[in-house]
Structure formats: structure tokens, C-alpha cells
Amino acid sequence: MDKNTIMQLVREHNVQMIQLQFTDILGVMKHISVPVDQLSKALNDELMFDGSSIEGFVRIEESDMYLRPDPNTFLILPGNEIVQRGNTARLICDICDSEEQPFAGCPRQVLRRVLREAADLGYTMQVGPEPEFFLFNMDEHGSPTLTTHDKAGYFDLPPVDKGEEARRDMVETLQQLGFEIEAAHHECSPGQHEIDFKYAEALITADSIMTFRIIVRMVAQRHGLHATFMPKPIFGINGSGMHMHISLFKEGSNIFYDPQSPDGLSTTCLSFIAGVMKHARAIAAVTNPTVNSYKRLVPGYEAPVYIAWSYKNRSPLIRIPARRGIGTRIEIRNPDPACNPYLGLAVILKAGLDGILSGLRPPASVDQNIYEMDLAERMKSGILSLPENLYDAIKELSQDHLIREALGGHVYERFMLAKTQEWESYSARVYNWEVDEYLEKF
């Protein structure tokens, strides 16, 4: 997609407004809308905004920043065209500082930087996500509740699955935007759903995850529902994950595949696995970035707790799907849909590259259910656990220099400050469980 093509599409489709979208450090999408007569200026990187109001960007005395649209992300947003008002299109932007240099606090630039490191080694990273979410009813004021509108379970059909119409509308809307949807179904918990789309190069996938979140929430609202990507909104049922299926390609070939290996996995793949396992506890701070994330990462609810890998078992951190050839990949199971996908993929790739460059090898695969192993068995097998809470995760991040390097100094410092404040705010509050447990006892 080039500038001339974009201008032609704008004229053909009566586009009147342009959303210039970007993502803050915490993974929240932001945008600035400009009328179409400002599009040429935007495509020439001439539009500035005040970055001091965006989480983790800059101080007020250094607030002037440039939006640099990526022409390849141009999309005409779905909706019925109103002749008088016209359509709206979007462009995802990188952020540049006042000197027009890539801004160190831009999550998209963080991922670009690590992807360049991989490219220098001849690698491209392909990623296919599995984002899960809940659909909840709204109250009479339009505010979300924790009441689901169905009691369905995994793969259930209508009429038990009452989210089918909303989910179908989401799929069709995403398809209009160019998504290749591979599967959509009800998940294990009441009101929980999953929509999977085809793998792509890592930056494209991260962009797609951000777009996916917005579209799912917009379509849910049209159906009178609230879609949430909160990892664990309800106690006692499964939370929402966002498993990442990852492979590396070199010169058009999947280098995770080795037809001469008994299991079909190359030494490069095994080293990548070892690198991710080595840095898994620090990575968790980024892929599981909220207090609530660790309410999902507990035994018994299909979410991974233990740092291990397996060909078939779904209890470890990393699973190897059965397909081989071009489809050879690893599935990293701890990320959740609240994570900033640009930062999450950047730290996973950095860790995997470390494993490759260092020639690491993972321990033996674990093919038994780790949830059924006691502590002594896990210790004997050398199986460590992911952090138990956000505080432990950010502590691990502070001690892992490679993952800090992946984020860069600016993002690391702002991210740690935000997450430390989040933990302190959570820790200082009194919750209903404490009142129920202690008020009459003491």
C-alpha cells in the first residue's frame, strides 16, 4: 500500500474521517481523528500531538511528538455509509520524537527493533494468536455486569450458546477488514468465547490483535453485551488466555522443522524453547501484566503454572502441536489478552534468540500432568513455577537484563513504575473476601 493508492481508495469510498491509531505502553489503543483533507499531511509525517497525556510516554516539557502512519495498515472501517457524513478509515502509527526519530517509548518501535535483530540473523517470526474473551450483560444504565447470558461450555451449540449471533457478527466484521478467521467457538466457561485468526509476521499479528480487541467490543455493544479481555473476571471458572503459536522462518522455510529429527523439531526450535523457559519468569511481567492476570495462573483451570514443555500435555508453559512441515510451531500458553502484544512478542522473541545464540537446550519434555505431581516430584524434575503474583513478576523482570534490554530503558522504567503503583494500590485495599473471613473471627 502506498500513498497514491490510499488517496485513491479514500476518494472511491467517500472517506471523510481518518483515525490515526497508536498504542500506549500498557497496551491501550489511542487515536486522533482528523478530517480527510489532513490525510496528505499525515502521510507526509507532518502531524504532531501532545505525548505528555499518554501513559508512559514523555514528561510535559518534552511533549511534542509526531505520528508516522504505516500505509500498510490502512483500512476502511466497517459500518453503513451515510451519504452526508461518509466513511471512516484508520491508519496505525509509529511514534517519533520532536527530532522525528523513532520514539523509544513506542511499543510498536520496541517490537520493530527486536524484529530487526532477528532479521540480522536471517529470521522472520510468524505468530498465530488464540484470544479469548467474555461476553457479559449490561445493566439498565449501560454499565457492564458480571452476569453472563448463557450457561454453555466448550464447543456448545445454540440455543445453549446464546453468544452465537454476536460471535458470528464479530467474525463477519473482522472478515470485512481482511482477517482470515480460522475458528470461532464457545469456550469452557459460561459466556466465554474464542476467535482464532491466521498466523502472520509478528508486527502484523500485533497490529491485528489491537484491531481485534476494538472490533469485538464494538460488535458486542451492538448486541447489548460487554466484551472484556480481563483475564479472570469470575472466581471459580477458567480465565481467558491468549496462547501464542510461534515459528521462525528463514529464506521461506520453517526452521523449527527438521525432517531428519525423530520428533520433527530442529535444534533451533529446541534452543528457542530453552531461551523462553530460561526467561519465562521475567517474561510473565509483560505477557501477564495485571494483578488479575495471576488469578488465572493457578492450578486446576487449564492455565499454565509450571515452566516446562511437552508434545501432548497441556499443563506446561509450552506445548508442541502435532503438525509438522511448514506448520511446525511452539504454543506458548501463559500470555493473556490484557498484554500489550507488541511488548509481549518482543520479549518472547528476544528470549528465544538468546536461546539460539547461546546454544541452549531445554530439559526433557514432561508428558505427565504436572498438576498431579507433588512438590517433591516437580523439584526432582527441575520444574519451576511462574510468578504467583504481579509483584513477584516485576521483581523477576527487574533482575533479568536481557528482557529489560528487549523493552529498552524508557519502556522498562515507565512500565515498572506503572506496575509497581498498580501493585501498591491493590495491596492497600480491603476486599470482600477479607471482610467475610476476618470481621467476625477477630
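A salt bridge is a side-chain nitrogen of Lys or Arg lying within 4 Å of a carboxyl oxygen of Asp or Glu. Side chains of opposite charge can pair when their charged atoms come close. The structure above holds 18 salt bridges. It is a predicted model, where local features need pLDDT of at least 70 and side-chain atom pairs count only at pLDDT 80 or more, while totals for chains, interfaces and linings use all residues. Residues are numbered from 1 along each chain as its sequence is written, and side-chain values use heavy atoms, leaving out hydrogens and water.

Let's start with E164 and R167, whose closest N and O atoms are 2.7 Å apart in a salt bridge. Both sit in helix α4 (residues 164-176), and because they are 3 residues apart, about one helical turn separates them. Helices here are DSSP runs of H or I with at least four residues, numbered from the N terminus. R167 counts as buried at 5% relative accessibility, whereas E164 is partly exposed at 26%. Buried means under 20% relative accessible area, exposed over 50%, and partly exposed in between (1.4 Å probe, protein chains only).

Now look at E396 and R281, a salt bridge with its closest N and O atoms 3.0 Å apart. E396 belongs to helix α11 (residues 390-399) and R281 to helix α7 (residues 280-287), so this pair ties together parts 115 residues apart in sequence. E396 is partly exposed at 23%, and R281 is partly exposed at 25%.

Finally, meet a network: salt bridges that share partners join D70, D94, R108, R112 and D207. Within it, D207 pairs with R108, their closest N and O atoms being 2.7 Å apart. D207 lies in helix α5 (residues 202-222) and R108 in helix α3 (residues 107-120), 99 residues apart. Both D207 and R108 are buried.

Key
Helices (H or I, at least four residues) and strands (E, at least two) are DSSP runs, numbered from the N terminus.
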